[in-house]
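The sequence and structure come first.

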Amino acid sequence: LHRSDRANEAAAAYRRALMHRIDYAEAHCNLGRVLREQGRFTESVEAFQRGHKAGSMQPNWKHPSERWLADARRLLALEGRLSAVLDGTDTLTDATDLALAA
């Protein structure tokens, strides 16, 4: 669903999966990705936090959830600066911020 540009359906499917298994790290992280792509950055951070916490407790966790969480937090911070950037009172100069904002 997510790859088929059916983000709302994908988010609903991930949430249904989490109703059955709250510690399903991959579902939390995938939900975080969908929410991030929808511009729902606060919710994205929350989902990545849950996914990273659950995943990092697994000995075989191989996903870069710590980076995903850090990126989501930066996007949330950038969203808070958007008005100032648009009105010219703030500028993006950090390469990572510029890449994330693109």
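Is E9 buried, partly exposed or exposed? With a relative accessibility of 40%, E9 counts as partly exposed; buried means under 20% relative accessible area, exposed over 50% and partly exposed in between, with a 1.4 Å probe and protein chains only.

## Basis

The model is predicted: local features need pLDDT of at least 70, side-chain atom pairs count only at pLDDT 80 or more, and totals for chains, interfaces and linings use all residues. Residues are numbered from 1 along each chain as its sequence is written, and side-chain values use heavy atoms, with hydrogens and water left out.

## Salt bridges

Side chains of opposite charge can pair when their charged atoms come close. A salt bridge here is a side-chain nitrogen of Lys or Arg within 4 Å of a carboxyl oxygen of Asp or Glu. The count is four salt bridges. One of them joins R6 and E9, at 2.8 Å from N to O; R6 is partly exposed at 37% relative accessibility.

Another links R15 to E43, with the closest N and O atoms 3.6 Å apart. Because R15 lies in helix α1 (residues 7-20) and E43 in helix α3, this pair ties together parts that are 28 residues apart in sequence. Helices are DSSP runs (H or I, at least four residues), numbered from the N terminus. E43 also meets R40 in a salt bridge, at 2.9 Å from N to O. R40 is partly exposed, with a relative accessible area of 30%. Through shared partners, R15, R40 and E43 form one network.

## Aromatic rings

Rings of Phe, Tyr and Trp (its six-membered ring) pair if their centres lie within 6.5 Å; planes under 30 degrees apart count as stacked, over 60 as edge-to-face and the rest as tilted. The count is one aromatic pair. F48 and W68 make this tilted pair, 6.2 Å centre to centre with 50 degrees between the planes. F48 is in helix α3 (residues 41-56) and W68 in helix α4 (residues 65-86), so the pair ties together parts that are 20 residues apart in sequence. F48 is buried at 0% relative accessibility, and W68 is buried at 18%.

## Buried H28

H28 lies in helix α2 (residues 25-37) and is buried at 3% relative accessibility. Leaving aside neighbours within four places in sequence, H28 has contacts (heavy atoms within 4.5 Å) with residues including L18, A47 and F48.

Technical notes. Helices (H or I, at least four residues) and strands (E, at least two) are DSSP runs, numbered from the N terminus.
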